[in-house]
Amino acid sequence: MSPDQVEAALDGAVAYVSQSTENRLSWQQYGDVGVTAIYGQGPRLAAVAIHALDGPQVRLRDTELIARVPSEACSDIQDLARREGVAVRVNWSGDPEVEAWGVSMGAAQEWGLSPEGFAQRGDRVITDALLVGPELAGDPYGAEPVVRWRDVREREPNPGAWPVTADRDRPRWDWAPLESVGPLRFGMGPQQVAAALDGEASAARKGHYPWSWRSDGAGQWYLDEERFDRAGVTAHYWYPAGTPALGAVTVHGRTGPRVAWGGIELIGRTLSAVEAALIRYLEDHGTDLRVGCGGDLGPDGSHLYVRAARAGDAVVSEARFCAPGWEDHG
């Protein structure tokens, strides 16, 4: 289908968000109906992403796919696959993927309303899905044009298990706002970060080329972040003086060290409990609340944001600690 045909099939829905790459339409997001259309050459429809929160119900035979508890959906998909004699594998996010059906499952955090009527993050995730044709079914997330919509090739792959490290097995790190998190001080270079983490080599590195260069190896590559699995943290870099300097640290919810603020344990806890404790503390101390990207909450001026990390069907709390100006550096 062409983009016009997609729009007509969606009863004239408007794509409020779209992306073009190299003068070619890559994808269009139809927020009102919870669908993203992903285009290949032509442009012609190559894949459809169904959103967890507001997407349509999609049924495969007698199995509902969308807005479900992931483990329950996975069990039903496994049962259906056994009945039909098709193989189920685990995709990059730890969810089921079936080449024979062109289905790759995923999950997104559930949102609801607070007692006051405000949007509020929930403590669980619900299913979404990427649906593709046979030409992409062998590797949906590793192929064009899906990588132009969501490139997951540098993300940590999940084998389908979601262990959460017990508190007794996590070290305690101190946080000095705007200065340091545990042994990591803002402004460190990558070699200093590795040395501070007892010489641990990063499990993955992510970077970029300047916009004026092609991403095929031409020009200088800039390091954006490094993930350290043993330490349970990700180091984020910026370039205030032309060389990579540590600008933020994400402490992972499932595996990262324990960090507290105002007597509130921030890492590896039930998200709603951490947010409720944070809000109570700020109200008691007359401090404003700041809301970051994705609904992340933090005390105004602290450059701390409580984040969510998936742990199977649920989420646990993690946190990002930032140097002054990090949020505004773009």
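**Aromatic pairs and a surface patch**

Mentor: Trp92, Tyr141 and Trp149 make up one aromatic cluster. Bear in mind that this is a predicted model.

Trainee: How many aromatic pairs are there by this rule?
Mentor: The count is six aromatic pairs. In one of them, Trp92 with Tyr141, the ring centres are 5.8 Å apart and the planes stand at 70°, so the pair is edge-to-face.

Trainee: Where do Trp92 and Tyr141 lie?
Mentor: Trp92 is in the loop between β7 (89-90) and β8 (96-98), and Tyr141 is in the loop between β10 (119-132) and α3 (146-149). The pair therefore ties together parts that are 49 residues apart in sequence.

Trainee: Is Tyr141 buried or exposed?
Mentor: Tyr141 counts as buried, at 8% relative accessibility. Trp92 is partly exposed, with a relative accessible area of 24%.

Trainee: What about Trp261 and Tyr281?
Mentor: They form an edge-to-face aromatic pair, 4.7 Å centre to centre with 65° between the planes. Trp261 sits in strand β18 (residues 260-261) and Tyr281 in helix α5 (residues 271-285), so this pair links parts 20 residues apart in sequence.

Trainee: Why does Trp261 count as buried?
Mentor: Because its relative accessibility is 18%, and buried means under 20%. Tyr281, at 24%, counts as partly exposed.

Trainee: Now the surface. Which residues form the nonpolar patch?
Mentor: Val14, Tyr16 and Val17, with about 290 Å² of accessible area together.

Trainee: Where is Val14?
Mentor: Val14 is in the loop between α1 (3-9) and β1 (17-21). Val14 is partly exposed, at 42% relative accessible area.

Note on methods. Residues numbered from 1 in each chain as written. Predicted model: local features only at pLDDT ≥ 70, side-chain atom pairs only at ≥ 80, totals over all residues. Heavy atoms only, no water. Patch = residues over 30% accessible without salt bridge, like charges linked within 9 Å, V, L, I, M, F, W, Y side chains within 5 Å. Areas by Shrake-Rupley, 256 points an atom, 1.4 Å probe, with all protein chains shown as cover. Salt bridge = Lys/Arg side-chain N within 4 Å of Asp/Glu carboxyl O. Helix = DSSP H or I, 4+ residues; strand = E, 2+ residues; numbered from the N terminus. Buried < 20%, exposed > 50% of the residue type's maximum accessible area, 1.4 Å probe, protein only. Phe/Tyr/Trp six-rings, centres within 6.5 Å; stacked < 30°, edge-to-face > 60°.
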